[in-house]
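Thanks for coming, everyone. Have a look at the screen, and then I'll walk you through it.

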Amino acid sequence: MSSMLYDMVNGISSTPFCINNGLLNFIEEHGRTYGLLSDKPNININSEEMKKLKKNKAGYKEYLSSLSKYELEVHILSIARVYSKYDKIYFPVRLDSRGTIYCSPLILNYQGTELAKALLLFSDESILYLNDDNSLEYFYAYGGNCYGNGVDKMSRVKKVQWVRNNHDDILNFMNGKLLSDAKNKYLFIAFALEYIRINKHINYERSSFIKTQLPIQLDATCNGYQHLAMLSRDNDLGKNLNLMSSKKDDVPNDFYGLLLNKITQKLQESSLDVDDNIESYRRILDFKPGRSLIKKPIMIESYNAGLVKSSDSLKEECYCLNEPYFSGMEYDKDVWASKYKERRYVLSKDSNPDIYLLNDDFNVIIKTMKDVLKNDYPKLTKLRLYLNEIAKICNKLNVNIPWILPSGLHIKQSYLTDTTFQIKPFEYKKNSYTVTHINKDLDKRKQIRTLMPNLIHSLDAASLALLYNKYSLTNKCMFAIHDCFAVPIPNVEILIE
Amino acid sequence: MPANEECLVKVLETEDKFNKKLLNVRMAYILNTVTADKIANLLICLFITVLFSKDKPEAVIHTNLSITLGKKLFNIVVRKSYIDYSTSANAEKDSGILGYNEWVSNTKSPIVKLFDVNKTNIDTYTSSCGKILIEQLIGHDMVYEYVDKHNKAYVLGINSDALNIIGNNKDNSIIPLPLHLPMVEEPKKHSYKTLGGYLLNDVEYRESLIIQSIWKILVK
């Protein structure tokens, strides 16, 4: 491993953070009022209701999910409260085999949930000159990103304008007008608290600078595809992924939105043809799949996801009518099974039950998406085939797949096959255990399937190492969540440059 | 040490259980013998037991708990006596170091004799000693005792103040906390030769910089 990686790990691990006490106090005091915190599912574990719920697979899954969400929030807040009295706290990091960084502390860390991220500030203060309009614009644009609802898709100029138009409601964010609709509520409150502080300095204290600790997060657009576009030197794809230089009044391209339009267009064309799937096309066009639905399958397509996995990722975003949720609905398997003979999926619980998708419709959407990508971006397909061929050659030679990253990390991908068997060691107990035996031969299918995602992740990690190497020459405050980088307000320009 | 032990034996054999001064004397002797972290461990263990036995009063009957705790405390004291014996110069000079069980059956140490499990009144001593720990938690408003009609015995419950501190919910107890928490000191630096991160890494345990490989090494 190169010294660049050691420097990066040591540098990021020794970046001090502190708890955003303003936000923590606000959440503890008003969290329930503004609907910021989840309620604990109120079901007694030994009750009849719970027994009934366990029979309803989807309902029980949702119960576990909401319980887990509730507990996670409680633990994040508890840990944050304990650490709130420390000026400096640290998150030691480790690397995986591809060089990707992970925080060792769990639950409360900057790679965790939005709540965990929002509760952390850089401990070291950075000086923000109040006449530094450029940095202030980045800060305002970040506010627009936190709010979401389409503002995050606007140009930087328009985001700044949105913040100026909503100046009073941001200062008085407790009126709930913006907060109720904000996409990232915790991050938006953290932004609003900093906005109030900066505004106070500008208008009342007349100081020329302010010390700031708020991290500004900058996300990459469809990072997996960005790497693929660069590897395949696909200029058109690169343009759609905002890889070309842009001005502050340029509207950033929305790759997911663009692909969604193309997929819808293709579905419309296909619905006019005489085809076995004609009913399926009609149902999909009535359903009108949105950007949020299609986002995940597009994203995992760059990681070589198959048809089943992509279809499942679509289904996860939908609500299955055959398995109603536990809340307020009496579940009788036979009644529901007779009502809907095939599994029907709607967008949400409140959606019109007559506008639905069937199991096969999801496969049609995914196949259309794959067709669009194949036809519109042929270089991607070529690259995929090229990588598959490399994996096949290595398989034939029975060697692992090696590559060296610009950060100096030597990677050798070698998945081995394993055999699992069950043992029942005790006569007096029914318990059996699964034992996995690692064989000495390569798992050839896995070697082929995983080369592309592993390569992309490793390139992600290398980009971070190279970026941190340059950035740390002048400044230490930075954290990274794989393809998302966060720096203090005055350093955004430095990071972009 | 032997003088202390003799005093402790005398104190423990005294029947006056309600004399506060006596309790303090007992505590002082035990604290002299048992290190603070061991006492803290036992107190945490006791607290967690009570916390997780909210609906099971039979698991937290005061007398039973004090006997169990007392036995644990005595074991620590006896173990410490054995360690003192095994590290003393005399043991090496004599016919080698005895094993733990052998030493327990042969030793003339009064503290060990006092805790002889064959003694009929052993529970009286252990209960008396364990009670000191329970009283510490009661004294600091962490737990309280009440009469459980079903079991016809004094049982322990978690004090509402203590519940408020930990989130008033046994699901939010300290148990699900992650093993790795943020550090309040700057982490150690990783290098080619040493492992960094948490300060005890490479000292008490080894956690490499690279997370356990997702790929198994191909053996040819």
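Let's start with an open sheet in chain A: three strands, ordered β8-β9-β10, with antiparallel pairing. β8 (319-320) and β10 (357-358) of chain A sit at the edges; each has a single partner strand, so one side of each lacks a neighbour in the sheet. Strands here are DSSP runs of E, at least two residues, and helices are runs of H or I, at least four, all numbered from the N terminus. Two strands pair if DSSP finds at least two bridges between them.

What joins β9 of chain A to β10(A)? Two bridges do, and the strands run antiparallel; β9 covers residues 344-346. Take A:Arg344: its bridge partner in β10(A) is A:Leu358.

A word on ground rules. This is a predicted model; local features need pLDDT of at least 70, side-chain atom pairs count only at pLDDT 80 or more, and totals for chains, interfaces and linings use all residues. Residues are numbered from 1 along each chain as its sequence is written, chains are lettered from A and ligands numbered from 1 in the order written, and side-chain values use heavy atoms, leaving out hydrogens and water.

Now zoom out. Chain A holds 20 helices and 16 strands. Its C-alpha trace spans about 70 × 65 × 60 Å along the principal axes.

Next, charges. Over all chains, the count is 20 salt bridges, each a side-chain nitrogen of Lys or Arg within 4 Å of a carboxyl oxygen of Asp or Glu. One joins A:Lys88 to A:Asp124, with the closest N and O atoms 3.3 Å apart. A:Lys88 is in the loop between α4 (57-83) and β2 (93-95) of chain A, and A:Asp124 is in the loop between β4 (120-122) and β5 (126-129) of chain A, so the pair ties together parts 36 residues apart in sequence.

Last, the interface. In chain B, 35 residues are in contact with 48 of chain A, meaning heavy atoms within 4.5 Å. How many salt bridges cross between chain B and chain A? The rule finds one. B:Glu207 and A:Arg94 form a salt bridge through their side chains, at 4.0 Å, N to O.
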